[in-house]
Amino acid sequence: MLTITASGFITGEPKVEDTEYGKRATVTIRSKTTNGKQTHYINAVFYGKKIEVASKYMVDGRQVTIIGGVRNISGKKKQDGSEYAS
């Protein structure tokens, strides 16, 4: 798994939703490159008890630094045709 550190500002409020894989909170972080010419938007997804922290403290405009792993959650297919995330 690739681990990254991202710093930036929260854009919007956390979106908490129930999915077929469980409850999760999604937060978008706006980050600029070191030369300030490009802006990147990073979607951070939280599971478990971290959902409460994201919902309570990650509000629009707040500056944050997060450390986490990068995962590909695109649907994969089982032999029976149903999809799952890895």
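**View 1. Thr39 and the residues that surround Thr39.** Leaving aside residues up to four places away in sequence, Thr39 touches Arg30, Ser31 and Lys32, where contact means heavy atoms within 4.5 Å. The model shown is predicted: local features need pLDDT of at least 70, side-chain atom pairs count only at pLDDT 80 or more, and totals for chains, interfaces and linings use all residues. Residues are numbered from 1 along each chain as its sequence is written, and side-chain values use heavy atoms, with hydrogens and water left out. Thr39 lies in strand E3; helices (H or I, at least four residues) and strands (E, at least two) are DSSP runs, numbered from the N terminus. With a relative accessibility of 35%, Thr39 is partly exposed, a class that falls between buried (under 20% relative accessible area) and exposed (over 50%), using a 1.4 Å probe and protein chains only. Gly8 stands 31 residues from Thr39 along the chain, and the C-alpha atoms of the two are separated by 9.9 Å.

**View 2. The open sheet that contains strand E3.** Four strands form an open sheet in the order E3-E2-E1-E4, with antiparallel pairing; two strands pair if DSSP finds at least two bridges between them. Strand E3 (39-47) and strand E4 (63-70) are the edge strands, and each has a single partner strand, so one side of each is without a neighbour in the sheet. From one strand to the next, the twist averages 50 degrees, based on axes that are lines fitted to C-alpha atoms (for helices over the stretch in contact), with angles from 0 to 180 degrees between N-to-C directions. Strand E2 (residues 22-32) pairs with E3 in the antiparallel sense over 9 bridges. Arg24 has Tyr47 of E3 as its bridge partner.

View 3. Side chains of opposite charge can pair when their charged atoms come close. A salt bridge is taken here as a side-chain nitrogen of Lys or Arg within 4 Å of a carboxyl oxygen of Asp or Glu, and this rule gives a count of 2 salt bridges. One of them links Lys15 to Glu17, with the closest N and O atoms 3.9 Å apart. The other joins the side chains of Glu17 and Arg24 at 3.0 Å, N to O. Through shared partners, Lys15, Glu17 and Arg24 belong to one network. Lys15 is exposed at a relative accessible area of 52%, whereas Glu17 is partly exposed at 22%.

**View 4. A nonpolar patch on the surface.** Leu2, Ile4 and Val70 form this patch, with about 250 Å² of accessible area together. Patches consist of residues with over 30% relative accessible area and no salt bridge, like charges being joined within 9 Å and nonpolar side chains (Val, Leu, Ile, Met, Phe, Trp, Tyr) within 5 Å. Accessible areas come from the Shrake-Rupley method with a 1.4 Å probe, and for residues only the protein chains shown count as cover. Val70 belongs to strand E4 and is partly exposed, with a relative accessible area of 42%.

**View 5. The setting of the close-ups in the whole protein.** The protein has 1 helix and 6 strands, and its elements run β-β-β-α-β-β-β from the N terminus on. Of its 86 residues, 20% are buried.
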